[in-house]
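Look at the sequence and the fold together.

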Amino acid sequence: MEKLKTYREIVKQVILDYAKFPYAYGDLHRQTVFDLANDHYLLMTIGWDPKRVHGCLVHIDIIDGKCWIQRDGTEDGMAKDLEAGGIPKSDIVLAFKPVDIRPLTGYAVA
């Protein structure tokens with residue numbers, strides 16, 4: 001249970017750190033969405049540039065004690081930040097990668 005609590009805090013902090021970076025163009029903003037009851041963590045982009053922008057930049061779920069990166073729209077990759085925060089590669093799943101590619105990534109398969 002302690003591991004789960006730690007992972008939740010790391011995921012939230014990594015997403016909050018990304019949310020601090022302002023956009024250099026348009027009227028765009030980052031918004032965090034944390035569903036703590038179901039372990040869903042999102043970083044959204046919303047605003048205008050010049051058309052309406054509304055999309056998910058990052059989506060991480062904690063499933064069976066592992067961090068599943070469902071969507072990663074960051075430049076360097078959320079997995080590296082989760083690792084730097086203390087989550088081992090064996091507990092990070094690159095869910096946006098096809099199942100047959102995951103064994104080649106060095107991260108958890110499932």
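On a 1 Å grid over the protein atoms alone, a pocket is an open set of points where a 1.4 Å probe fits, with protein on both sides within 12 Å along at least five of seven lines; its lining residues have an atom within 4 Å of a point. This is a predicted model, in which local features need pLDDT of at least 70, side-chain atom pairs count only at pLDDT 80 or more, and totals for chains, interfaces and linings use all residues. Residues are numbered from 1 along each chain as its sequence is written, and side-chain values use heavy atoms, without hydrogens and water.

The lining of the largest pocket consists of Val14, Asp17, Tyr18, Phe21, Tyr23, Arg30, Leu57, Gly73, Thr74, Glu75 and Asp81. By class, 5 of these residues are nonpolar, 2 polar and 4 charged; Ala, Val, Leu, Ile, Met, Phe, Trp, Tyr, Cys and Pro count as nonpolar, Asp, Glu, Lys and Arg as charged, and the others, Gly among them, as polar. The helix α1 gives the most to this lining, with 3 residues. Helices (H or I, at least four residues) and strands (E, at least two) are DSSP runs, numbered from the N terminus.

Now the core. A nonpolar core is a set of buried (under 20% relative accessible area, 1.4 Å probe, protein chains only) Ala, Val, Leu, Ile, Met, Phe, Trp, Tyr and Cys residues joined through side-chain atoms within 4.5 Å. The largest one has 21 residues, of which Val11, Ile60 and Leu82 touch the most other members. Again α1 gives the most, with 6 residues.

Methods
Buried means under 20% relative accessible area, exposed over 50%, partly exposed in between (1.4 Å probe, protein chains only).
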